[in-house]
Every structure is written in C-alpha cells, then in structure tokens.
Amino acid sequence: MLIEGQIIRKVKLAPRIKEIELYAPHIADNVKAGQFVILLADKNGERVPITVTDWNKDFGTITLVFQEVGVSTFKLGSLNVGDTLTYITGPLGNPSEIGHFGTVACVGGGVGTPAIYPVAREMKKQGNYVITIIGARSKELLIYEDKIRRVSDEVRITTDDGSKGKKGLVTDELRELITSGINVNRVIAVGPVMMMKALAEVTKDLKIKTIASLNPIMVCGMGMCGSCRVEVGGETRFVCIEGPEFDAHQVNFDILFLRLNAYRAEEQTALKRYMKMWRLANAE
Ligand code: FAD
Ligand code: MG
C-alpha cells in the first residue's frame, strides 16, 4: 500500500534537475494549474515550496520538477523511489487565471518551464492559440520540450549559448514575436526574477497584460510568517495566499531579487557543510 508523500517515480531530467512523482491523492484531487505544494524532505529539513507540474487524479499522484540549488533541494534529490517525504501540504496558492484571451504567450525559463506546462495546457483547453517560449542556458538544461509541444500551437526555443533553438534569451524571442506582427493578447511567465523583469519591460510599453508567477523565499505558505512578502503596485502582498501570480507591470522585481539573495552567505555555508558530511558518509 502506498503512503502519502511516497515517491513512485524519479527521473533525472538534466544535470541537477530532477522530476519525481509522488502519491498524494488529496493534492491530486484538488490541485489546479499554477498551484504549489510545500514539503519537507526529512525531519530536520526546511519547508520547500515547489510548483505542481502535473497530476493524475485516478492514480492519486502529483509530479514535481526541482533544481538542486541548496541543502533542502539536494536532500530532496537524494530520496529514491519508495522513500516517503516527512511532510507535504497543498495545494497552496491561487490557481492561474485561465480564460479565453485569444493568443497567449507562455514563457518558461529554466525550471520555470515545467511550471508553465500545466498553464499552457489549460490555456489551450480554453481555445487560446498558445505560443510557448522556453529557454535555458544550454541544450543540456532545456527540459520538458516534448510535453510543452503537446499542449502548444507553436513552440519557440532559445538557449544562451545557441546550442539549441535561437541563441539569446526568451525576452528577445518574445520581442521578435510581437514585432513580427503577431497580436499577443496575454503573456504569462515563470522563471528567474531577472527574466520576468525583462519580459515585463518588453510588454509594458506595448500594453500587453503580463502575468508573472513569483517565487520569493517562502516559509509557512499560509499567510502568517510574512517571509514571501513582495511589493506590487507600491503595496505589500503575500505571494503564498495572494499569489503566486501578479500583474508583472506592477511588481517590484528589484526588491524581490534582493530579498531572494538575503541569506546567500548562510545558504552557501550550510551547503558546504552538507556536502562535506555527504562525502564523509559515502566514503565510509
Ligand atoms: P538554499 O541554499 O537554502 O537557497 C538557495 C536559493 O533558493 C536562495 O538564495 C533563495 O533564492 C532560494 N530559497 C531558499 N529558501 C527558499 C524558500 N524557503 N522558498 C523559496 N525560495 C527559497 N524550485 C524548483 O526547482 N521547482 C519549482 O517548481 C519551484 N516552485 C516554486 C514555487 C514557489 C511558489 C516558490 C516560492 C518557490 C519555488 N521554487 C521552485 C524555489 C524553491 O522553493 C527553492 O529553490 C528552494 O526552496 C531552495 O531551497 P534550498 O535549501 O535547496 O536552497
Ligand atoms: Mg535552504
């Protein structure tokens, strides 16, 4: 019998990027595109927010894709099929605003690509013409292309080094798309903060409604701790209960970026300590 939070499938998608499928029937039953979970990989761990990329209500499973960037995501990545998370809660956050807008550009950068997948899928189901732009630093880090193709009318790819698709950034591709005369009615973006900031700058003058799914440091996920506060339209908003999607033209991305990096030194120290312990444990 499966236990809630048990890993039933694990795939390495790219260096340091993993996909896991978990048994979580309550979440699978209720989750909608754009929502996330918070999990604990082990009992001494931190709470880790991760977007739900896919789900299967019949099997009671959810799929998560994550990048190993620090201690908690490395711990998560070290779990194997059959292992069970200490804790998982969700679905959290508000679902994406899905509607019939016309032509929708879905933009995913890095591990934002799996997160944009269910949004593109639902946008397509609503009859929108979906153009998905996905980007990564290089071909090896480009993930979810096949899944994205299945739910998009058009897919455009960029890599920073030109190893696949066009050389450049997703922002360049969006600008090119718009200037080529395609009438884009809405843009929705998930990815690194600076990518979303640049996209918002491209669409602001053109008055194209642009939604960004924000990923600040988040702890409780229930609107109590305030860790995930961001400034939107000059006001403080909590991403966990009021987001994660906001009007990108109103978001103060510079504050978001600063806050995301506020604990960088401590995180680096913790990661070095963890790696040392891991090497010692595996050398014995
Ligand atoms: P650390 O070494 O602790 O930190 C590395 C960097 O990650 C930090 O500098 C900071 O920028 C960020 N970070 C650290 N702690 C948190 C935290 N509690 N919450 C958010 N960011 C943090 N990542 C994915 O790979 N896939 C996803 O689908 C995904 N979805 C997310 C959805 C939401 C709503 C949010 C808020 C974040 C999401 N993230 C996702 C980011 C992920 O939660 C962080 O990468 C992870 O918590 C980092 O933890 P760490 O201990 O491994 O890294
Ligand atoms: Mg951490």
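Which residue has a backbone N or O atom 2.9 Å from a nitrogen atom of ligand 1? In this predicted model, that residue is Met218.

## Polar contacts of ligand 1

A polar side-chain atom of Thr73 is 2.4 Å from an oxygen of ligand 1. At Gly70 a polar backbone atom takes part, with a separation of 3.2 Å from a ligand oxygen.

On its own, ligand 1 has 850 Å² of accessible area, and the protein covers 89% of that.

## The shell around ligand 1

The shell has 23 residues, of which Pro49, Thr73, Met218, Leu260 and Glu267 come nearest to the ligand. By class, 13 of the shell residues are nonpolar, six are polar and four are charged.

Two or more shell residues come from each of strand 4 (48-56), strand 5 (61-67), helix 2 (71-78) and helix 9 (264-283). Strand 4 gives the largest share, with four residues.

## Packing of helix 6 and helix 8

The axes of helix 6 (residues 193-204) and helix 8 (residues 253-260) are 10 Å apart and form an angle of about 175 degrees. Because angles over 145 degrees count as roughly antiparallel, helix 6 is described as roughly antiparallel to helix 8.

Notes:
Residues numbered from 1 in each chain as written. Chains lettered and ligands numbered in written order. Predicted model: local features only at pLDDT ≥ 70, side-chain atom pairs only at ≥ 80, totals over all residues. Heavy atoms only, no water. Near = heavy atom within 4 Å. Polar contact = N/O pair within 3.5 Å; in protein donor to acceptor, adjacent residues only side chain to side chain. Areas by Shrake-Rupley, 256 points an atom, 1.4 Å probe, with all protein chains shown as cover. Nonpolar A, V, L, I, M, F, W, Y, C, P; charged D, E, K, R; others polar. Axes fitted to C-alpha atoms, helices over the stretch in contact; angles between N-to-C directions. Parallel < 35°, antiparallel > 145°, perpendicular 65-115°, else oblique.
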